[in-house]
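Colleague: Could you take me through this model before I plan my reading of it? Please begin with the domains.

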Amino acid sequence: MSNFKRFLKHEVVDFLYHLLLAVMSVIWLLPVAWLILNSLRLEKDPYIAYILPKTFTLQNYVNLFTNTRDFDFPRWFMNTLTVAIFSCLISTLLILMISYTLSRLRFPARRLYMNILLILGMFPGFMAMVAVYHLLNLMNLTQTLTGLVVIYSSGAALTYYVAKGFFDTIPRSLDEAATLDGASKNTIFWRITLPMSRPIITYTIILTFIAPWVDFIFANVIMRGKSDKWTVAVGLRNMIERNNVLEYFTQFCAGIVVVSIPLVILFMLTQKNYVAGVTSGSTKG
Amino acid sequence: MKHSLEKHGLKEPAFREFVGAMTKGDVFTRLGFLIMGAGCAARGQIAKGLLLLAAQASYIYFMFSFGVVYLSDFATLGTVEQTTVWDEAVQINRVVPGDNSMMILLFSLLTIFISLIFLYVYFTSVRVGYQALKRHRAGAAMPTFIDDLKSLWNDKYHFVLLTLPTLGLLAFTVLPIIFMVAMAFTNLDRNHQPPGNLFTWVGFENFKEIFFSHPLKSRTFYRVLGWTLTWAVTATATCYIGGVALAILINNKRVQLKNMWRTFFVITIAVPQFASLLFIRQLLNDNGTLNIVLQNLGMITEPIKFLSTHARITVLVVNFWIGVPYTMLITTGILMNIPEDLFESARIDGAGPITIFRRITLPYLFFVTAPFLITQFVGNINNFNVIFLLTNGEPRTLDYFQAGKTDLLITWLYRQTVDEQNFNMAASIGIMIFIIVSVFSLITFNIVASGKKEEEFQ
């Protein structure tokens, strides 16, 4: 009997654990689910008192890509994709170069260099925006995609910590062996270290690729009213400005779903490295 | 390597070498103080000498054609105001451009920047000239230009790898930051906008206004600062506690389908923040769905003002929703990686599950996640997205100088630049944020410094 009681107690505790998790999952997933439901809704009114759409439709998605007179979503998507590809290539290269140097090469000003980067990182990223805007203006790069690429990739070097942490873990004996065989530092970098660094390269590529999709503030300041150069974040926000929200809310939801799906997949792919990256910074200088 | 100075015992500290070029050098290394590259060229390093000479020539050309023009106005930031004169011939008012303070400031800083870089090149050129002389005197082999290029691929490889990232940082991070810091000491507000108007240096006037002399601005500063710190502490603490609790819950041995639960929460991280925030904003609107549903259920009669009266609570709750899965994701990995022998020895010592949790799991978790906590706190001080996209600083109040109750320093800064054009205010706020963040990071990182040296991990 007492065994049965203990069994019962276990069952109850187990049930409570799972119930709690289920309730929390609902709270966390409900807005996401509801976003998707909204994107499939025919009624355009954003302020409704029910959750399931009265009529399901894919029209919002169709409109998003075809009805481009006021809001040219395909254009924003291509803009963001272009910026993302270029800034991801440049940033990744810069980050790998800087993190490898600071991890493996020894030169007089190394400590100083790292400290300067640390201090630069403490300024709010947005603070320099005004000056950057004027600099880009001088080069006729404001309101251009090139300007955005420049901004995203030039700041990337400050986020070298994770990649440096990775390079720190590659045994130095490999470098020494290669040096004895007559390999130059350049050869070691390209032929030995980089081929061993696939995880960190993938991680850096994915993270720098995601950045332009989720950045709102820089793109907003650089592009201002130039709507054919907007990125998805800027464009979608304009879609639900006060005058448009009644008409375009469901289309806005569809836009978010379209942007989110690839990002969710990319994030899931890099999840493991992502966690390792955030926590590895904790023990390595 | 075969040309290294160490091998010949000729290596000296950089500055002593520079002085040595004057005191112990020959006529050519001394000439190198005036004509860059002379020391090298005299010892047969012609290509190197010519390169250095070319650098000197282009710097001088740059200074006379460009640098001096702006530097001469640096002290005043321009004196000639833009005017309009009546042009009789074409019968219109014609704008006569004056000095542009913004350009003067920017280009002066650029010139100073380039001069500093040139100074470094100059310093180095004297040194390498003297190094060539030392080699000559010691009868050591003189590296050819090809050798020098090769050494770039080897023991000077850091130059190759760092040049590009450093130039990018200098141009688009360092220069802009210095430019903004300079702006904090000017009167560049809405009424002094170039090119129509001039602005000039005002010393610490802006900081004085923020701290005490301008009642409205200083009140706003202290209140916004107070809210920023309250927000950062509360947001960090709630997300951390919630996330750790969730991670521990999922990690519990008796919970089935761990990966499924984890994925549920991770999905919400992966949706871009701007998207979920804009969506939630619509949801919480005065006539948004949440209010309508509550009204239909008869639970409230008036809509709850989530985004105005109760905005401070709303942003904290929504931030909790956003932040908990993130902390959960980070801490789950750590929880699973706690060394098993820690538990083992505790069990042998007769510790129960609660003691183990209190004395081992929690301290370990806290120790490993301390840097994460610090970065989270700093991130929350500058948490632009949540505030800007959710409430946009609302509710606005006349008590504040162009700010609202939920504005953080960073969103106030944003408004001062983009909406109000008070760049001097914005820059001063930015400097205050920098001081807060750097002092806080310095203190906390030193407290939690694990004492492990980075070299030990290599």
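Modeller: This is a predicted model. Chain B is divided into domain 1, residues 6-192, and domain 2, residues 208-450.

Colleague: How far apart do the C-alpha centres of domain 1 and domain 2 of chain B lie?

Modeller: Those centres lie 44 Å apart. The contact takes nine residues from domain 1 of chain B and 10 residues from domain 2 of chain B. On the side of domain 1 of chain B that touches domain 2 of chain B, five residues are nonpolar, two are polar and two are charged.

Colleague: Turning to chain A, at what angle do helix 3 and helix 6 cross?

Modeller: The axes of helix 3 (residues 73-104) of chain A and helix 6 (residues 145-156) of chain A cross at roughly 30° and come within 8 Å. Because angles under 35 degrees count as roughly parallel, helix 3 of chain A is roughly parallel to helix 6 of chain A. Their crossing is right-handed.

Colleague: Which residues make that contact?

Modeller: Helix 3 of chain A contributes residues including Phe86(A), Ile90(A) and Leu94(A), while helix 6 of chain A contributes, among them, Leu148(A), Tyr152(A) and Ala156(A). The residues of this contact divide into 10 nonpolar, five polar and no charged.

Colleague: And between the chains, how many residues does the contact take from chain B and from chain A?

Modeller: The contact takes 80 residues from chain B and 73 from chain A. Helix 7 (residues 157-183) of chain B supplies the largest share of the chain B side, 17 residues. The chain B side that touches chain A has 54 nonpolar, 23 polar and three charged residues.

Terms used: Residues are numbered from 1 along each chain as its sequence is written. Chains are lettered from A and ligands numbered from 1 in the order in which they are written. This is a predicted model: local features need pLDDT of at least 70, side-chain atom pairs count only at pLDDT 80 or more; totals for chains, interfaces and linings use all residues. Domain bounds come from an automatic or database domain assignment. Two residues are in contact if their C-beta atoms, placed from the backbone, lie within 7 Å. Ala, Val, Leu, Ile, Met, Phe, Trp, Tyr, Cys and Pro count as nonpolar, Asp, Glu, Lys and Arg as charged, and the others, Gly among them, as polar. Axes are lines fitted to C-alpha atoms, for helices over the stretch in contact, and angles run from 0 to 180 degrees between N-to-C directions. Helices (H or I, at least four residues) and strands (E, at least two) are DSSP runs, numbered from the N terminus. Angles under 35 degrees count as roughly parallel, over 145 as roughly antiparallel, 65 to 115 as roughly perpendicular and the rest as oblique. A crossing is left-handed if the near helix is turned anticlockwise from the far one by less than a right angle, and right-handed if clockwise.
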